[in-house]
Amino acid sequence: GHPEIFPLLLTAKTQEIFNCRPDEDVTEENCFKCIKKEDIIQDLKTRAKSSDFYPFKKVILEYPGEELLVVFDPSLQYGQNFYIVASEEAKENFLQALAAVEEEEEEAEEENVEETLEVRRPWVSLGSEKEVEEESLKERDAKIKYKISRVRRKFGAPITFTDKNAADEKDSYAECTAYEDDTFSIKMLERDVGVQVVPKLRETSTQTKWTYPKNASTQYYPRQLSNEAIAESLASEALKNFLTAVHVRVEIALQQNEIMNVFFDDWKALAEDQEESKPDVYLKEYQLFTDEQYLKNRTISCIRWHPTIYGIIAVSAREQPSYEEEVNLSNKSPLHQSVILLWSLFEPLCLQLVLQAPEDICCFQFSSSDPNIIAGGCVDGQVVLWDISKHEEKLESTKPVADEVIDSSEGEPRAAVVTEVTPGLMVGYVQQGSTEPPLVRHCAASSTPYCHTKPATDVHWLPYNIEENPKGGTSEKKDEKKLQLVTCSPDCSILFWDIPSMERREQFLLEKLKEETRSQMPPDNPDTDEDLDLSWKPLIKVCATKRCHSCFPGKVRSRSALRASVKESPYTEMSASSSKNLELLENISTDFFVGNEDGEVVYSDWKKKIDTNTAKPHSQKYSLHTEPINTLQKSPFFNDIFLSIGGQKFAIWKEGVTNGPILQSSCSAGSYTAGQWSFTRPGVFFIGRDNGNIDIWDLLKKTHEASYFQNISKSIITFISPSSASAEQHFLAVSDNLGVLHILEICQTLCHPSSNE
């Protein structure tokens, strides 16, 4: 009988969308909800046939009003849980009927309130007020009055007090002795007294009007003025007065907004270049190197790039011994091979050179004056030299890798395996049975009784031999003996070594080869000599108070340190000179930094007591790190700035500043295992961690935490070494504890320094 009513089934999702959930948004008392027609049409467009309003799409589109009335039907009177009213007339009738019912309920409640009010009853006296009046206290006797007077002439007279004995005057005082008062001994007769207290009663009543809670909604409409009202408002005096009062302040504010940007963050832009977007910082994997024969189950202890030949990189490997194996080095396996491997970026599938060593190498370094000379420190404390001048042409002739690698001596292709990991990334290793790379034996080794007794943990070449002449200039002395090499070890010693010139060393080796030929010795190892090993001794030994782990010379003012007399015999040149024959040169720097296994950074001077073999120089110690220092490196841009890394901290030191580091980090969650300065940006350095991450510190951006980090390996980072291939291409060599060498390409953001860096 109601054609304008359409039963509607609303699902839980539709009820939540339109806020018409039963017993929450709509109830039996407030059973209706007005929904905008635009919202229903939008739901039809969004959900299409899955919309609950889709069966009545035509009715909804033809509805003339802006809101449809949706009524909650809990008793299912029309067959569904809701129904919609599709005409404006029925909608108005429904709303008016609800309003009339509410008014009737309110009137009925008001009538009930009036009927419950009671009329106050008047108070009826029963004679109790007379009893109260009789028992009340009344004064019957007249009061006695006393009058005290004084002679008029005595008014204002002075008063004098005197002291006298009370016994001298009669009746001067009255003694009040204690006595028994009969008044309190009289027995009181009992009296029967009745007291009745009647409280005053007051009957009151209060009524609070209370109604059932009802859901209500409020609709806001914009207030629009007519054209006449707008014209009247614009012409009013109140608007003119307001504009006159504020136009000066508004004009000043607009001028300030035009002059400067009030939302500009000066702190964020401090010491930073203006960039349109955040730079993309990354380390791109370029190549991976590993070797099944030499690096299996071993760790890479040191990485060095060739100083002059582009693309040549050398690594040293060592075992991962336990503490007992480190103490007793004689337990080395006979199959153990101690080598330094040289690879080329252009031929990643084959080794270029293999440098043999008597023991595992902890550290090594190319000579700064002659890159063909390599010095290394062994785990047993020996210092070893290699000469790769005979293989220099082979290293320079490396070309980009092809499908086949041709050996120049045999003329046959080598069998190689190439594994492609990512686009542009090649991992190469040589199969067993292929042509072996050239083996180079060490050409000199230090004498065992005079070398370190524990592993040589760091080695550094001193700069060129430059000496000041008496006329004030400088001259290079190639024929004289010079200090060129310094090593340190946890045995509390720092050794300075003298390296012979290349010509004399080659002449000496030729003479030894002739002696071997004449004595018919087996020529299996023509590049070494045992007598040479036994003749190389350090020139100076500096004893430290703690176990040294890494060292670095201080700021150099002159490149020469000691000068000794030299005999003509090349054998004598390789032998150790007596400290008595050494002449101390003036105006040179003999300061150096050293880091020990107790985490201390020591700044010392080896020149203090140069006349004895066990000089103990005066030093300054700084206790900052809690674990052994693994990196102590000078900045490539500042000769007096050093970086120390050890344990969970790193610090930056300045030579001459004696009150501690100029910058130190807070304790990190893990340990720092390696570090290296950037060769292109003074404010950037890289730190390796024990979780395989590389932390990139950019001091211009952040000093309290790393600016960027990137995971490189699943194992510990053991060494980091950067290299500048060209102005636009820079590499970072990273090794891990699994014997894998990662060559990473550094992004341009980390290569180009800012204008004020």
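1. A nonpolar core here is a set of buried Ala, Val, Leu, Ile, Met, Phe, Trp, Tyr and Cys residues joined through side-chain atoms within 4.5 Å. Buried means under 20% relative accessible area, exposed over 50%, and partly exposed in between (1.4 Å probe, protein chains only). The largest such core has 39 residues, and Leu-341, Leu-342, Trp-343, Leu-741 and Ile-743 touch the most other members.

2. The model is predicted: local features need pLDDT of at least 70, side-chain atom pairs count only at pLDDT 80 or more, and totals for chains, interfaces and linings use all residues. Residues are numbered from 1 along each chain as its sequence is written, and side-chain values use heavy atoms, with hydrogens and water left out.

3. Another core, of 25 residues, lies apart from the largest one; its members include Leu-10, Ile-35, Leu-69 and Val-71.

4. H7 reaches 34 Å from first C-alpha to last, close to the 33 Å expected (1.5 Å times one less than its number of residues). A kink of about 45° is centred on Val-246; the bend is the angle between axes fitted to the seven residues ending there and the seven starting there.

5. Strands S31-S32-S33-S34, in that order, form an open antiparallel sheet (pairing needs at least two DSSP bridges). S31 (629–634) and S34 (663–664) are the edges, each with a single partner strand, so one side of each lacks a neighbour in the sheet. S32 (641–646) and S33 (649–654) share 6 bridges. Leu-643 has Ile-652 as its bridge partner in S33.

6. There are 17 aromatic pairs (Phe, Tyr and six-membered Trp rings with centres within 6.5 Å; planes under 30 degrees apart are stacked, over 60 edge-to-face, the rest tilted). Tyr-310 and Phe-346 are edge-to-face, because their planes stand at 65°, with centres 5.4 Å apart. Tyr-310 is partly exposed at 37% relative accessibility, and Phe-346 is partly exposed at 23%.

7. Tyr-622 and Trp-653 make a tilted pair, 5.2 Å centre to centre with 50° between the planes. Tyr-622 is in S30 (619–623) and Trp-653 in S33, so the pair ties together parts 31 residues apart in sequence. Both residues are buried.

Methods
Helix = DSSP H or I, 4+ residues; strand = E, 2+ residues; numbered from the N terminus.
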